[in-house]
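Colleague: I have a few minutes before my next run. Can we go through this model together?

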Amino acid sequence: MKHLSTNIDDDLAERFSELARAHGGKSALLRHLVSLAVDGPSPQQTPTLPEPAGRAVHLSVRLSANEVAEVRKAAAARGMKPSQWLRSVVRVRLGAGTQYNASEVHALRALTNQVRRIGVNLNQLVRAANEARLENAPFTVDNRVLETTREKAERTLTTLHVLARGNVRVWEGHADGE
C-alpha cells in the first residue's frame, strides 16, 4: 500500500480533523476523497435512506456521561429533544440530507410565503403590461416598485441561503452553523 502525504495550514488541518471524526478518522476520509477524485462517486459509496416501513423500533445505545451531556447540549442548541437530534444525525448519515428543526421549518414556510407574494406581484405587473400592449396603450412602471420588489427578492434569497448553509454546516459538525 502506498503512502500519500501533503502539508496544509494549521487551521485547515484542524477543520479537516473535526470533519474526519464523523467519517472514521483522517485516513479513512482521505482514502474516500482520493477515491472520489479518481473514480468519481459510485452508487455503492452513496448511502441511501431506506423507505420507512412498519412500526418504529426502539434502539438502545450506551454512551458515557460526557457523551450524553454533549448530545443534550447539541440537541438543545438545535431546539430539539436528544432523541430527535440523534435520529436526525442517523438520517443525515444514511443519506436523507439535512434535517430541519421546528424553527427552521417555520422560517422556510415564511420564506415560501414571501416568494409567493413576490411572484404574485410580478405576475400582476406582467399581466398589466400585456394588457397595455394588446390595447396599444402606454405602460410605465414606477421604478421604486421594481426596486422594492428586487430588494425583497434579494433579501428572501439571501435569508434562504443563510438558513440552508447554516443547516448544512450544523450537520457537518460545525457548532451553530459557523
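Colleague: Are aspartate 142 and arginine 144 buried, partly exposed or exposed?

Modeller: Aspartate 142 is partly exposed, because its relative accessibility is 35% and the range for that class runs between 20% and 50%. Arginine 144 counts as exposed, since it has 64% relative accessibility.

Colleague: How many salt bridges does the structure hold?

Modeller: Four. One of them joins glutamate 147 to arginine 150, with the closest N and O atoms at 2.5 Å. Another is between the side chains of arginine 150 and glutamate 154, at 2.8 Å from N to O.

Colleague: Arginine 150 turns up in both of those. What do Glu147, Arg150 and Glu154 form?

Modeller: A network of salt bridges links Glu147, Arg150 and Glu154.

Colleague: And where do they sit along the helix?

Modeller: Glutamate 147 and arginine 150 are both in helix H6, three residues apart, which is about one turn of the helix. Arginine 150 and glutamate 154 are also about one helical turn apart, because four residues separate them in helix H6.

Colleague: Staying with charges, which residues form the positive surface patch?

Modeller: Arg116, Arg117, Lys152 and Arg155. Helix H5, residues 102–134, and helix H6, residues 143–171, each supply at least two residues of the positive patch.

Colleague: Where is lysine 152, and why does it count as partly exposed?

Modeller: Lysine 152 lies in helix H6. Its relative accessibility is 32%, so it counts as partly exposed.

Colleague: Let me step back. What is the secondary structure made of?

Modeller: The protein has six helices and zero strands. Along the sequence that reads α-α-α-α-α-α.

Colleague: And what share of the residues is buried?

Modeller: Buried residues make up 16% of the 178 residues in the protein.

Colleague: What sits in the loop between H5 and H6?

Modeller: Asparagine 136 is placed in that loop. Asparagine 136 is not a glycine, yet it has a positive phi of about 50°. At 73% relative accessibility, asparagine 136 counts as exposed.

Colleague: What about alanine 102: which helix is it in, and is it buried or exposed?

Modeller: Alanine 102 lies in helix H5. It counts as exposed, because its relative accessibility is 63%. The C-alpha atoms of alanine 102 and methionine 80 are 8.1 Å apart, and the two residues are 22 residues apart along the chain.

Colleague: Last topic, confidence. What is the average pLDDT?

Modeller: The protein averages a pLDDT of 78, and 85% of the residues score at least 70.

Colleague: Which element has the lowest mean pLDDT and which the highest?

Modeller: Helix H2, residues 26–39, has the lowest mean pLDDT among the elements, at 75. Helix H3, residues 65–77, has the highest, at 90.

Colleague: How should predicted coordinates be read where pLDDT is low?

Modeller: Where pLDDT is low, the predicted coordinates should not be read in detail.

Note on methods
Residues numbered from 1 in each chain as written. Predicted model: local features only at pLDDT ≥ 70, side-chain atom pairs only at ≥ 80, totals over all residues. Heavy atoms only, no water. Patch = residues over 30% accessible without salt bridge, like charges linked within 9 Å, V, L, I, M, F, W, Y side chains within 5 Å. Areas by Shrake-Rupley, 256 points an atom, 1.4 Å probe, with all protein chains shown as cover. Lys, Arg positive; Asp, Glu negative; His and termini not counted. Charge placed at Lys NZ, Arg CZ, Asp CG, Glu CD. Buried < 20%, exposed > 50% of the residue type's maximum accessible area, 1.4 Å probe, protein only. pLDDT = per-residue confidence, 0-100.
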